[in-house]
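The sequence and the model come next.

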Amino acid sequence: MKIALLGYGRMGKTIEKLATDRGHQIVKTIDQDDDYDFNGADVAIDFSIPDAAVNNISACLEAGIPVVSGTTGWLDHYDEMVSLCENKKGAFIYASNFSVGVNIFFELNKQLAQMMKNLQEYDVSMTEVHHIHKLDAPSGTAITLAEGILDHSDKKDWVLDEKETGKLTITAKREGEVPGTHIINYRSEVDEITIEHKAHSRNGFALGAIIAAEWLKDKTGVYSMKDVLGL
Ligand SMILES: NC(=O)C1=CN([C@@H]2O[C@H](COP(=O)(O)OP(=O)(O)OC[C@H]3O[C@@H](n4cnc5c(N)ncnc54)[C@H](O)[C@@H]3O)[C@@H](O)[C@H]2O)C=CC1
Ligand SMILES: O=C(O)C1=N[C@H](C(=O)O)C[C@H](O)C1
């Protein structure tokens, strides 16, 4: 498979290594200020920055190239990208987290939230920990997890680094080079339940994005990692 990478930072470089090991070819890397020349790519993978994701995804869809995006922090424009993909009869997958483990964790989180729904004595909260270079907070993964909890809760919204009645607190910590840790805690006076996903490196995110690109290459439509993994 011929791959164009949009964003050649930590994730772009990790994907380059794993994709090459899997027998794929990186035919183009497009970083800040580079032209949208896809050099015959079959598929594009975008891990760039929040301000660039919409232009990057749009350029791929306009050029008829299936696009996998893992960039976080741009989701106010998600519906526009879905419409563009449909208009162009293109192919598009966004996931806040491409790792298989986190996608299992998303399902576990929803099941636990469903079970805790009527247990008013427990208060739920979330903590995410990432490296100090991360531009957005909370993480995209934390927002997806929060949505999974709010669907089964009396709480109406999430709030970052604050406590507000009726809202789910997400605490975002930035420490060293942590690849990504997400912790959900249900606490009562007598006990607590905690579930945690801890990434040991970026390889899980990168491999998931490559698997998504392999799956998307010959399709049209808008998909999620749930579709790719059959969850
Ligand atoms: N969905 C997932 O599984 C994961 C998502 N991410 C997200 O991916 C994004 C990238 O993460 P990292 O690689 O760690 O960041 P990074 O900062 O190492 O790399 C971003 C790259 O994008 C480049 N860039 C800036 N403007 C650009 C433009 N207009 N077009 C193309 N490239 C441009 C930067 O120069 C940089 O090389 C972040 O939004 C992060 O939250 C990170 C890991 C996993
Ligand atoms: O910026 C990162 O590094 C990560 N970003 C994603 C997010 O915002 O959820 C996924 C992962 O946690 C690493």
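In what order do the five strands of the open sheet lie? The order is β7-β8-β6-β9-β10, and the pairing is mixed. The model is predicted: local features need pLDDT of at least 70, side-chain atom pairs count only at pLDDT 80 or more, and totals for chains, interfaces and linings use all residues. Residues are numbered from 1 along each chain as its sequence is written, chains are lettered from A and ligands numbered from 1 in the order written, and side-chain values use heavy atoms, without hydrogens and water.

- Strands are DSSP runs of E with at least two residues, helices are runs of H or I with at least four, both numbered from the N terminus, and two strands pair if DSSP finds at least two bridges between them.
- β6 (residues 123-130) and β8 (residues 167-174) run parallel and are joined by six bridges.
- His-130 has Arg-174 in β8 as its bridge partner.

**Ligand 1**
- Ligand 1 is surrounded by 23 residues, counted when a heavy atom lies within 4 Å.
- The closest are Arg-10, Met-11, Asp-31, Thr-72 and Phe-98.
- Polar contacts are pairs of N or O atoms within 3.5 Å.
- A backbone N or O atom of Arg-10 is 2.8 Å from an oxygen atom of ligand 1.
- A side-chain N or O atom of Lys-134 lies 2.9 Å from an oxygen atom of ligand 1.

How values were computed. A polar contact is a pair of N or O atoms within 3.5 Å; within protein, one must be able to donate a hydrogen and the other to accept it, and residues adjacent in sequence count only if both atoms are side-chain atoms.
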